[in-house]
Amino acid sequence: MSELVIHELRVNVGGNEILKGLDLTIEQGRVHALMGPNGSGKTTLAYTLMGHPGYEVTSGEVLFKGQNILDLDPAERSHLGLFLAFQYPVAIPGVSIANFLRTAINSHRKAKDPEDKGLPIPEFRKLLKEKMDLLKMDHSFAGRYLNEGFSGGEKKRAEILQMATLNPEIAILDETDSGLDIDALRNVAEGVEALRGPNFGALVITHYQRILNYVKPDVVHIMLNGKIAETGGPDLALKLEEKGYDWIREKQDEKVTA
Amino acid sequence: MAERKVTRVIKRVTSTGRPTAEPAGTFSFTKEMIPSLANGAKETTFLRSYQQQAWKQYQSLGLPQITQEAWRRTDIRNLQTGSFALPDKKKAAKLPNVPKRLLKPLVGKGHGGQIVLSPNGANVELSKTIAKQGVVFTDLATAAKKHPELLKKALGQVVKPGEGKFAAMAAALASRGVLLYVPKGITVDEPLHSMFWGPGSGLAYFSHILVWVDDGASVTYVHEAASPTADQQTLHAGIVELHVGEGASLRFVELQSWGEHVWNFSHERARLMRDANLDWIFGALGSRLTKNFSEINLEGEGSTARMSGFYFTDGEQHLDHDTQQNHLAPHTTSDLLFKGALEDKSRSVWQGMIHVAPDAQRTDGYQANRNLVLSKHARADSIPGLEIQADDVRCTHGATVGKIDETELFYLLSRGIPNRDARRLIVEGFFDPIMQRIPYEGVRERFQQAIVQKLK
């Protein structure tokens, strides 16, 4: 069972410290929810874990399968089993979803075995259809240019399709629920639930409790000011919905003054 | 794609078209090199007088200067004018032959005819079925002997030797060329293919391609020029003349894969008569330096032309494409898209013009040039232009120079796609709109191979 261990992580963006000594462990087989107000550093955490060049790690480490992944480039982190579903998926004009996913799958295979000749096209087509059926997506989706002209819901479903195809061990979903209507939200959540199992761990980053009605978290963390301020069970999310963040802020202030 | 919009419109200075006369350059070419005079051959008097006339113009025209508008961004002062010899028989024997892979059909599964022009001469094949249709597809020398009347009809009708030093040079000295003539109403089902093979160092090659598609006829023709890269400069000057008759249709696929030591100059023009249709595909991958003039003259009412260009430069390549869409009759349509990517220290220039004559009402003109600059040392200049003298027209244009967007790259990397493959995907995606316009698997494959080769 692998786990992703974040230890004392400090990250600067444009010279400002956003993550201020964050500790968090995400295990395979469990779904963690990460909630927090705007600016608390949730997206910074997501991008840093995936290796975005704009995020500067000043100290700390992130251990996964016995390695400090902060030394790896984003592609290598992906090969290791990490996945980030983007809050704002990027459009790649002229590159079809099928072409893109085949390239990604073959890159993963090649990373494991440099001699690999790539997944034969008929097998790839079969796999893609299976995953699209699982997510109730029309097969014509595969021929469309990646995220180009996609609606908000289509973009998020395309992220889940990529996740289902690449089959990661730890996935970070960065506000995958934001901007979705209730049907799209349910659809995306079902996709996540379908992947759930002993080999799949997730960090579901969200502003809102509502996605957690569909993707039931095992653990809920509250992030404030670049750190995990509170950790609890699923009821923590409900309490947050009801009472807001102030009580946690007060609690944190007390800790600081104490 | 991060794109910088270039909306400058530069009105081209109308010149008399004739460069300032100065003593002919220091090329070592002599009048005796005119093919129709050589070997004391009794060629058709027409070809001989055409080449002699062109030679006179060659002598009177000066080398293009950087002060001339069309040559402002392409400096040829490093052209070693005195170093070029013609590939005579002795030299030709030592040069490599054209590789078989270049003779494979680029369009469809086979071809109806193939001409290989090399220093060793011309090799012509044409299927009996097509020959029976009255189609002439042969090399220039044979055309002069066997089809003088057709040569007279087509030669020098669309491109004039006096248009520039290199045009005159090619007109006077081209011993290698192609005549394609499709008679009235004939549809050629299988594509025709020609290859100009110009290997070696320190040589001069001249080519003259003549296409005459008579009224109501239809044909697909692929022409490629290629050579392996060598160390010393080699010169190529060429002319392409395309005539598309009334209601006729021509698909012309042109691929330039010169070695990266070749200085390549070409004057090309298509003339479209009433209701004619032209689909021109133009791929440029090779040469050290290219200055190309490609023009479309929409002379007949209702004629339609589309031109799809792609280029990928690397190393120190410098490709300069000067395109002109001349709407000379009402209800004419043109659609030009050129896309290019640039690596290393390479440079590209695209200078385009849509010209609409005063009585060419109801015309629809489009031109766009998009560049993807892949290295901080590469540079793309993109200069669109409109010159509209009619009042009821629709003309649009666009020019962009962009580079790979870091967010796009990160997105692909995060899916486990290594950096080089991620860049390749983005580049292929960039070219996709142009590939969509090229329904020929072989041409697309050739280009994809070039992308893989050139991408750093």
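Because the model is predicted, local features need pLDDT of at least 70 and side-chain atom pairs count only at pLDDT 80 or more, while totals for chains, interfaces and linings use all residues.

**Whole model**

Start with everything displayed. The model scores ipTM 0.96 and pTM 0.89.

**Chain A**

Select chain A. Its secondary structure comes to 8 helices and 10 strands (DSSP runs numbered from the N terminus, helices being H or I of at least four residues and strands E of at least two). The radius of gyration of chain A is 19 Å, close to the 18 Å from the globule rule for 258 residues, so chain A is as compact as a globular protein of that length. That radius is taken over C-alpha atoms, and the rule is 2.2 Å times the number of residues to the power 0.38. Along the principal axes, the C-alpha atoms of chain A fill a box of roughly 65 × 40 × 35 Å.

Next, select residues 97-112 and 152-166 of chain A, which are helix 3 and helix 5. Their axes come within 10 Å and cross at roughly 30 degrees (axes are lines fitted to C-alpha atoms, for helices over the stretch in contact, and angles run from 0 to 180 degrees between N-to-C directions). Helix 3 and helix 5 of chain A are therefore roughly parallel; angles under 35 degrees count as roughly parallel, over 145 as roughly antiparallel, 65 to 115 as roughly perpendicular and the rest as oblique. The crossing of these two helices is right-handed, meaning that the near helix is turned clockwise from the far one by less than a right angle.

Show the side chains here. From helix 3 of chain A come A:Ile97, A:Leu101, A:Ala104, A:Ile105 and A:His108, and they meet A:Ala158, A:Gln162, A:Thr165 and A:Leu166 of helix 5 of chain A (contact is C-beta atoms, placed from the backbone, within 7 Å). This contact has 6 nonpolar, 3 polar and no charged residues; Ala, Val, Leu, Ile, Met, Phe, Trp, Tyr, Cys and Pro count as nonpolar, Asp, Glu, Lys and Arg as charged, and the others, Gly among them, as polar.

**Chain B**

Switch to chain B, which has 9 helices and 21 strands. Its C-alpha trace spans about 70 × 55 × 50 Å along the principal axes.

The mean is 92, and 93% of the residues of chain B reach 70 or more. Residues 1-24 of chain B stay under 50, and the model has 42 contacts for them beyond four places in sequence. Where pLDDT is low, the predicted coordinates should not be read in detail.

Now select helix 7 and helix 8 of chain B. They pack at an angle of about 125 degrees with axes 9 Å apart, which makes helix 7 of chain B oblique to helix 8 of chain B. Among the residues in this contact are B:Leu409 and B:Leu412 of helix 7 and B:Ala422 and B:Leu425 of helix 8.

**Between the chains**

Finally, show both chains. Which residues make up the contact, by number from each chain? Chain B gives 19 residues and chain A gives 22. On the chain B side, helix 7 (406-413) and helix 8 (419-435) each supply at least two residues. Helix 8 of chain B gives the most to that side, with 8 residues. The residues of the chain B side divide into 10 nonpolar, 4 polar and 5 charged.

Definitions and conventions. Residues are numbered from 1 along each chain as its sequence is written. Chains are lettered from A and ligands numbered from 1 in the order in which they are written. Two residues are in contact if their C-beta atoms, placed from the backbone, lie within 7 Å. pLDDT is the predictor's confidence in each residue, from 0 to 100.
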